[in-house]
Amino acid sequence: MVFRKPPDGGWGWVIVVVSFFAQFLCYGSPLAVGVLYLEWLDAFGEGKGKTAWVGSLANGIGLLASPVCSICVSSFGARPVAIFSGFMVAGGLMMSSFAPNIYFLYVSYGIVVGLGCGLLYTATVTITCQYFDKRRGLALGLISTGSSVGLFIYAALQRELIELYGLDGCLLIVGALSLNILACGSLMRPLESSSSPPPEKMLVDKVPDQYFVYHEKEKTVEENISILEKGYIDEKCVNNVPDCKQDSILNKNVLSSINVNEKDTYKKKVVEQTNFCKQLAKRKWQLYLTYWKDTMVLFKNKVFSALFVAILLFDIGGFPPSLLMEDVARSANISEDDYYMPLISIIGIMTTVGKLILGILADFKWVNTLYLYVTTLLMTGVALFAIPFAKSYLTLAMLSGILGFLTGNWSIFPYVTTKTVGIEKLTHAYGILMFFAGLGNSLGPPIVGWFYDWTQEYNTAFYFSGFCVLLGGFLLLLAALPCWNACTNQSSKLPPNTYSYKVASNA
């Protein structure tokens, strides 16, 4: 498929709008799953760690399956994948309303909805990148806020729906709202060239008839030749009866002389196809080896290795508050009269603000994006340590706002990755990092829930979460310090096409 030059406008702004609303409708419920988490605890009576798996799977499975999602979009296009993801998200939410136990929710809400979110995210990002080049950063920033706005609105919406219609009715209504993703997906018109290549049928018509003789699977060469001989003689007999016998004798002699050549040609083609298959397999194996060699080269970069550890620990420790903060408030015996706004809604709106402000700061030349990212990690760790000391709604609301703002560091994470490994290795490195980010999202809330099940309080759980984030931040800071790079570079050189933050301080 041949694409035109990105228009950086026009129908591209329609793509931005529908992608924003698609992410809003898709990610609203999974990100605001903390409201449903309380209801599932009461409905099924399972432990907090076991129940937390539902929300963690819904948010982590899409990142874990990001390579599969990319292959689907590359094979079928953004529009069909977006429409299919709408069916998955809506179907998973509606099936969850009939869940008889927590294990059913693992599949319906955790896996089905999670995969739908991963497919939709890949489709919206891909189609937006196709329509924008110079304004790509702005376009991607606008559509990424759809998930944060969805978190803000769906937290309050799901709480109201639960009070009015119960948990089952809430999931049915939210699932029905998700069907609007189909309308958004239908407007994702692919950016194709007007001079598209001719269809396969036209190309097939130009292929000589002799080509199909060699690819007939159910007949041998001798049978094909006899069929051609019979057809040719029959045609001559119909058109010119007196010459039928003479032509038959002549054609038999000619075709018998061609018979040997046809056999040799057929054998030659078989050999060529066999060699082609061997070369293809060898090439695939070489690509596989090259992929793992490039991966090992990436991990030889100390900053990238520290970044991989930091993103894993950050998601293990930093993601649980967005899922468990409502239960933390209930465990602190905070009265519902003091509840002016769901804590998850505060996290959602402040995440949007954080993405915008941190993204703007990253564009300044005097700001080192890696140090900015490390600062957000260290501040997140301190905020997590402060949660056990919060005993009022106002304090929890302030901490929720701080954590939400710092979670907006996702907007600068691609900057950090690019400066660490270089633009030519960005796709490879970013895919690896997103896999471990999904792993952290999946493990974080259950681990915190298990800590509560063991100790019957959240203090130890959030001390553990804060320690994880602080550890990741300190490791990344140590790997990026110029003095550390100066010491290590004396004994070993960085791999080619990688960058050291000793010389990237002006980024």
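Student: Is Cys72 buried, exposed or partly exposed?

Tutor: In this predicted model, Cys72 is partly exposed, its relative accessible area being 22%.

Student: How many disulfides turn up in the whole structure?

Tutor: Searching the whole structure gives zero disulfides, and Cys69 is accordingly in none, with the sulfur of Cys72 as its nearest cysteine sulfur.

Student: Let's step back to the overall fold. How many helices and strands are there?

Tutor: The chain contains 21 helices and zero strands. It has 507 residues, of which 47% count as buried, and it exposes about 25500 Å², with carbon and sulfur atoms supplying 66% of that area.

Student: What share of the contacts comes from residues 24 or more positions apart?

Tutor: Taking the contacts in the chain with a separation of 6 or more, 83% are between residues 24 or more positions apart.

Student: Now H2. What span does it reach, and what would be expected?

Tutor: Helix H2 runs over residues 33–44, twelve residues in total, and reaches 16 Å from its first C-alpha to its last, which is close to the 16 Å expected at 1.5 Å a residue. The buried residues in H2 include Val33, Leu36, Tyr37, Trp40 and Leu41, whereas Asp42 is exposed, with a relative accessible area of 51%. After H2 comes Gly45, which has a positive phi near 65°.

Student: What does the side chain of Asp42 meet in a salt bridge?

Tutor: The side chain of Asp42 pairs with that of Arg330, at 3.4 Å from N to O. This pair links distant parts of the chain, since Asp42 is in helix H2 and Arg330 is in helix H14 (residues 320–331), 288 residues apart. Arg330 is partly exposed, at a relative accessible area of 37%.

Student: How many salt bridges are found in the whole structure?

Tutor: There are five. One of them joins the side chains of Arg159 and Glu326, again at 3.4 Å from N to O. Because Arg159 lies in helix H7 and Glu326 in helix H14, that pair ties together parts 167 residues apart in sequence. Arg159 is partly exposed, with a relative accessible area of 26%, while Glu326 counts as buried at 3% relative accessibility. Salt bridges with shared partners also connect Asp42, Lys48, Asp327 and Arg330 into one network.

Student: Where is Leu164, and which residues form a nonpolar surface patch with it?

Tutor: Leu164 is found in helix H7, which covers residues 136–178, and Leu164 is exposed, with a relative accessible area of 60%.

Student: One last thing: which loop holds Gln456, and what is its phi?

Tutor: Gln456 sits in the loop between helix H19 (426–455) and helix H20 (459–480), and its phi is positive, about 60°, although Gln456 is not a glycine. For context, most residues other than glycine have a negative phi. Gln456 is also exposed, its relative accessible area being 54%.

Notes:
Residues are numbered from 1 along each chain as its sequence is written. This is a predicted model: local features need pLDDT of at least 70, side-chain atom pairs count only at pLDDT 80 or more; totals for chains, interfaces and linings use all residues. Side-chain values use heavy atoms; hydrogens and water are left out. Helices (H or I, at least four residues) and strands (E, at least two) are DSSP runs, numbered from the N terminus. Buried means under 20% relative accessible area, exposed over 50%, partly exposed in between (1.4 Å probe, protein chains only). Contact means heavy atoms within 4.5 Å. Accessible areas come from the Shrake-Rupley method with a 1.4 Å probe; for residues, only the protein chains shown count as cover. A disulfide is a pair of cysteine sulfur atoms within 2.5 Å. The expected span of a helix is 1.5 Å times one less than its number of residues. A salt bridge is a side-chain nitrogen of Lys or Arg within 4 Å of a carboxyl oxygen of Asp or Glu.
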